[in-house]
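Visitor: Please take a close look at one part of this model, the packing of its helices, and describe it in some detail.

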Amino acid sequence: MKINQTILQEFILVGFSVYPHVQTFLFVVFFCLYLLTLTGNLTIMGLTWVDRALHTPMYLFLSALSFSETCYTTAIIPKTLADLLAKSRSISVTGCGLQLYFLLGFGGSNCIILTLMGYDRFLAICNPLRYPLLMTNMVCVQLVAYAWAGGFFISLIETALIFRGSFCSPNLVKHFFCHMREVVRLNCIDSDLTEFIIILIPASGLLGTFLLIILTYVFILSTVLRIPSAEGKQKAFSTCASHITVVAIHFGFASIAYLKAEASGGDDTLIAVTYTIITPFLNPLIFSLRNKDMKNAFRKVLGMTRSLNEYFWIISAWLTVPRIQ
């Protein structure tokens with residue numbers, strides 16, 4: 001048992017208060033990145049909804065990932081922005097639990113959806129004739145629902161483990177959001193076993209989904225190498241390039257954060273910025289800038305918007321023309 005048994009009702013998020021001279025600069029940078037992240041993800045979701053050519057499993061998975069990452073960043077960044085400008089950086093225990101629940105839920109869902117996107121590419125390249133039968137839009141929707149259900153089920157277990165007891169002083173969370181490892185250390189009971197479990201669960205999830213993605217690309221690579229033409233190989237690899245890039249960034253930064261050994265010490269606040277702010281910002285850029293179908297859909301929407309503007313301009317001009325009585 002810990003010595004100070006004062007039961008806590010709120011936490012203080014230390015966050016970037018240790019860098020007082022750059023908080024305004026950080027606010028501007030994080031705010032801009034958040035707006036760009038929202039714009040990119042909402043654009044992907046909107047184009048997928050509007051353009052019927054994008055009503056395919058690959059883009060449905062991408063739209064689901066964009067929605068999940070939008071929710072993930074929204075659970076963190078608005079509170080972080082408010083704390084950068086406020087003197088009080090408090091958050092209630094209930095609010096902390098909810099933030100952690102959504103963070104872990106959408107974070108786990110992102111890993112599963114990325115794995116499903118790899119499986120989708122595996123079916124498309126390794127089983128092209130059976131792909132339309134195996135991966136329909138309805139199957140895609142069901143798989144995404146399972147991904148969210150699985151992510152939030154694991155999140156519920158972790159959050160329940162962390163908040164199963166009361167918390168003792170000091171109430172300082174040495175992070176800019178309710179980081180699970182920092183919160184569990186404030187538990188009044190001995191938290192070593194709980195801390196080990198809540199680190200083991202996401203670590204196992206990260207490693208498991210990453211190994212599944214690697215396995216799918218082993219099969220994809222073996223299939224692509226058997227394609228006789230160089231053009232066919234290039235076309236097959238081009239459909240996977242964006243996904244491989246996002247997987248490398250996502251799992252690379254997440255592994256640094258969650259699999260970091262305790263012996264390394266140091267402040268991991270800046271490390272957390274990579275997977276909570278930078279990675280969600282990069283993902284829509286990578287998927288949209290390297291995707292011809294997404295670019296074509298964007299041009300179509302711009303063309304429709306231009307045509308509507310011209311139509312409304314003609315109507316407004318016609319209405320303002322004086323009539324001869």
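**Helix pairs in the predicted model**

Guide: H2 and H4 run roughly antiparallel to each other, because the angle between them, about 165 degrees, lies over the 145 degrees that this description requires. This is a predicted model, and the angle is computed from it. Helix H2 covers residues 57-74 and helix H4 covers residues 93-126, and their axes are 9 Å apart. The crossing of H2 with H4 is left-handed.

On the H2 side, the residues in this contact are Pro57, Met58, Phe61, Leu62, Ala64, Leu65, Ser68, Glu69, Cys71 and Tyr72. They meet a set in H4 made up of Leu103, Phe106, Gly107, Ser109, Asn110, Ile113, Leu114, Leu116, Met117, Asp120 and Arg121. By class, the residues of the H2 contact with H4 comprise 14 nonpolar, four polar and three charged.

A second pair is formed by helix H1, residues 23-50, and helix H3, residues 77-85. Here the packing angle is about 160 degrees and the axes lie 9 Å apart. H1 and H3 are therefore roughly antiparallel to each other, and their crossing is left-handed. From H1, the residues Gln23, Leu26, Phe27, Phe30, Phe31 and Tyr34 take part, and they meet Ile77, Pro78, Thr80, Leu81, Asp83, Leu84 and Leu85 of H3. The contact of H1 with H3 divides into ten nonpolar residues, two polar and one charged.

Leu114, one of the H4 residues that meet H2, is also touched by Phe251. Phe251 belongs to helix H9, residues 230-258. Its relative accessible area is 3%, so Phe251 counts as buried, the cut-off being under 20%. Leaving aside residues up to four places away in sequence, Phe251 touches Cys111, Leu114, Leu206, Thr209, Phe210 and Ile213. Leu206 stands 45 residues from Phe251 along the chain, yet their C-alpha atoms are separated by 7.2 Å.

As for the setting of these helices, the chain has eleven helices and three strands. From the N terminus, the order of elements is β-α-α-α-β-α-α-α-β-α-α-α-α-α. Of the 325 residues, 44% count as buried. Among contacts with a separation of 6 or more, 79% join residues 24 or more positions apart. The chain exposes about 17,400 Å², of which carbon and sulfur atoms supply 72%.

Notes:
Residues numbered from 1 in each chain as written. Predicted model: local features only at pLDDT ≥ 70, side-chain atom pairs only at ≥ 80, totals over all residues. Heavy atoms only, no water. Axes fitted to C-alpha atoms, helices over the stretch in contact; angles between N-to-C directions. Helix = DSSP H or I, 4+ residues; strand = E, 2+ residues; numbered from the N terminus. Parallel < 35°, antiparallel > 145°, perpendicular 65-115°, else oblique. Left-handed = near helix turned anticlockwise from the far one by under 90°. Contact = heavy atoms within 4.5 Å. Nonpolar A, V, L, I, M, F, W, Y, C, P; charged D, E, K, R; others polar. Buried < 20%, exposed > 50% of the residue type's maximum accessible area, 1.4 Å probe, protein only. Areas by Shrake-Rupley, 256 points an atom, 1.4 Å probe, with all protein chains shown as cover.
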